[in-house]
Amino acid sequence: MKKGDILRDIVVETMAAEGKCLSRVDGRVLFLHGGAPGDVVDAEIVKIKSSFLEGKVTAIKQLSPQRTTPFCRHFGTCGGCSWQHINYETQLYYKQKQVTDNLERIGGLSFPEIQSIYPSAKTKYYRNRLDFTFSAERWLTREELHLDKKLIEPALGYHIPRKYDKVFDVVECHLQADPSNPIRLAVKDEAIKHNIPFFDLRKQIGFLRTLTVRSTNTGEVMIILQVTYEKIEWIEAILKRLANDFPSITSFNYIINGKRNDTFHDLDIICWKGNPYITETMPRPDGKGDLQFRVGPKSFYQTNSDQAYHLYKIAWEMAALNGDEVVYDLYTGTGTIANFVARDCKKVVGLEYVAAAIEDAKINSEINSINNTTFFAGDIKDLLDQSFLTTNGTPDLIITDPPRAGMHEDVCKMLLAAESKKIVYVSCNPATQARDLKILSEKYDITAIQPVDMFPHTMHVENVVALRLR
Ligand SMILES: C[S@@+](CC[C@H](N)C(=O)[O-])C[C@H]1O[C@@H](n2cnc3c(N)ncnc32)[C@H](O)[C@@H]1O
C-alpha cells in the first residue's frame, strides 16, 4: 500500500473525530475525507501512518440511506455546515456518540446513562451571529481557474476551510435569518459602487476587512464593520446605505484595525448610530416572564439563542437550587447563566475575562432588577484562589462554561480545593470536558449527563454534566 493508491468498495462504518468518516482496511483504521456512514466508496490514500491510514473519497459507489440532499448551494466549498448531506436523526446519533466516546476514552470515567441529546427545533436560521470576511480576490472553482479570461472579483464571505487567505463569495447563507443575507449583499454592492478596496489578505493592503451581523429574537440587528484606516466617507457610504435600507438595524458600529489579524477584543469600537448594544430576551426558568440580556459588540452570547434557553434550563434543573446557596458562574460572559439562576439562590459570583462583557453582565442584572450578583473581570486561573473564596464566600455550587479549550489545569485544581457540593459543567467540546472531568473525578462523581445540539449540520455538540462531591 502506498500514497496515491485507490482503495475500492470501502464501506464507511461511522463518523470519527473532527467530522471525518471512519472505515477499516485489512484491520487498519482508515480516516476518510468525504462520504457518509453507510456509503460504499473508492478512496485515494493520502497519508500512511503506522497506526492508521487517511484517504480522500474519489467515487461513491452506493449512497447511504442515512444521506439527504444538501440544501445549500455552497455545500462542499464552505466548511460551515459540513454534515448537511446526513439526515438530522443520524447527525444527532453521532453527536451523542461523540459524547459517550470522549467520556469513555479520554476521561476513562464511569458515569450514569447519558440522556438522549436535546435536538434543536430550528435546523436552519438558528444563528444570531455571522462573521464575514472581505477579500480582494474571491476564491475560484477549478473550472473558473481554467477560463481563458482571468477572473479577479472581490468577495464577501467565509474562509475556505484551513486556508486563511482564501475567501469564497457567499451568495446565500442559511444560518442566520434575514435581513442577514440582504445586508451582506447590500454592503458588497455599495462597496463596489464606490470603488472601496476590499482587503488583500496576502499583501495586507485594502480597506474593508470584516463584517459582523448580530441579531436577536426581538428583531434587533447589530452591524460591526472592520476597516484598516479612518476614511469616514467610505465608512459612511456603507453605513448610510444600511441605515436607509434596513430599519431593523439598531446598532451601527465600526472599528479601525491596522493590525495583521482581524481580532478586535483589544480595539476601540465606534458606535456610529443607534445603541452600542442589542438586547436579547429569554424566558425565566420558572416560566414567570422574560429576562433581558444586553449584548455589546465585544461580548460573547450563545450563538443559537433558542437553544441557549434549553441549555441553561438543563443546567438550572441539574443545579436544583433551594434559595440558600452561594453560586459561582465561571466564564460568565455577559452574565447570562448567573442572571438566569440568580432568583433561586442567595448570591451569584460571576467571573469572566472580557472586561466589556462584565460591564454588560452588571447591566444585565440591573435591567432585570437582580441585586444578588457580583461580577469580576480577569483570567479565572489568576482570579480564583483561596483568598477570593474567603472574600466572596465558599461556593455551594459551581457552574462552569469554559471555551472550547476547556479549563486550565490550575482552575480544575482550584475547583477540587473549593469542594463545592455540586458542579454543573457546560461544555462546547466534549473532548476537553472529558479531560477536565478526569481531574475532577478525584473528588466528584458524575450524576447526570445531557448533550444538547446547538449547531445542526455541524459536528459540534454541547454537553452538560452534573457532579456531586463524594
Ligand atoms: C463558552 S463562553 C460562555 C459564556 C456564558 N456562560 C454564556 O453562556 O453566554 C466562554 C466565556 O469564557 C470567557 N473566557 C475564556 N477564557 C477565559 C479565561 N481564561 N478566564 C475567564 N474567562 C474566560 C470568554 O470570554 C467567554 O465569554
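I started with helix H3, residues 180-193, in this predicted model. H3 lies across strands S7 (129-135), S8, S9, S10 (208-215), S11 (221-227) and S12 (249-256). I took its direction against S10 and noted about 155 degrees.

Next I looked up helix H4, residues 232-245. H4 lies across S10, S11, S12 and S13. Against S12, H4 runs at about 165 degrees.

I then traced the sheet that carries these strands. It is an open sheet of 7 strands, and I wrote down the order S9-S8-S7-S10-S11-S12-S13. The pairing in this sheet is mixed. Which strands stand at the edges? They are S9 (163-169) and S13 (270-274); each has a single partner strand, so one side of each is left without a neighbour in the sheet. For the twist I noted an average of 30 degrees from one strand to the next.

Strand S8, residues 155-160, runs antiparallel to S9, and 4 bridges join the two. Within this pair I found Tyr-158 opposite Phe-168 of S9.

I turned to another open sheet, one of 6 strands, with mixed pairing. Its order reads S1-S5-S6-S4-S3-S2. S1 (6-11) and S2 (14-15) are the edge strands here; each has a single partner strand, so on one side each lacks a neighbour in the sheet.

Inside that order I looked at S5 and S6. How many bridges join S5 (residues 40-48) to S6 (residues 52-62)? I noted 8, with the two strands antiparallel. Ala-43 stands opposite Val-57 in S6.

Last, I went to the helix pair H10 and H11. Two packed helices are described by the angle between their axes and the distance between the axes, so I looked up both. The axes of H10 (residues 409-418) and H11 (residues 430-440) come within 9 Å and cross at roughly 40 degrees. Angles under 35 degrees would count as roughly parallel; H10 and H11 are therefore oblique to each other. I recorded their crossing as right-handed.

I listed the residues that meet between these helices. From H10 they are Glu-409, Cys-412, Leu-415 and Leu-416, and from H11 they are Asp-436, Ile-439 and Leu-440. I sorted the residues of this contact by type and got 5 nonpolar, no polar and 2 charged.

Notes
Residues numbered from 1 in each chain as written. Predicted model: local features only at pLDDT ≥ 70, side-chain atom pairs only at ≥ 80, totals over all residues. Heavy atoms only, no water. Axes fitted to C-alpha atoms, helices over the stretch in contact; angles between N-to-C directions. Parallel < 35°, antiparallel > 145°, perpendicular 65-115°, else oblique. Left-handed = near helix turned anticlockwise from the far one by under 90°. Contact = heavy atoms within 4.5 Å. Nonpolar A, V, L, I, M, F, W, Y, C, P; charged D, E, K, R; others polar. Pairing = 2+ DSSP bridges.
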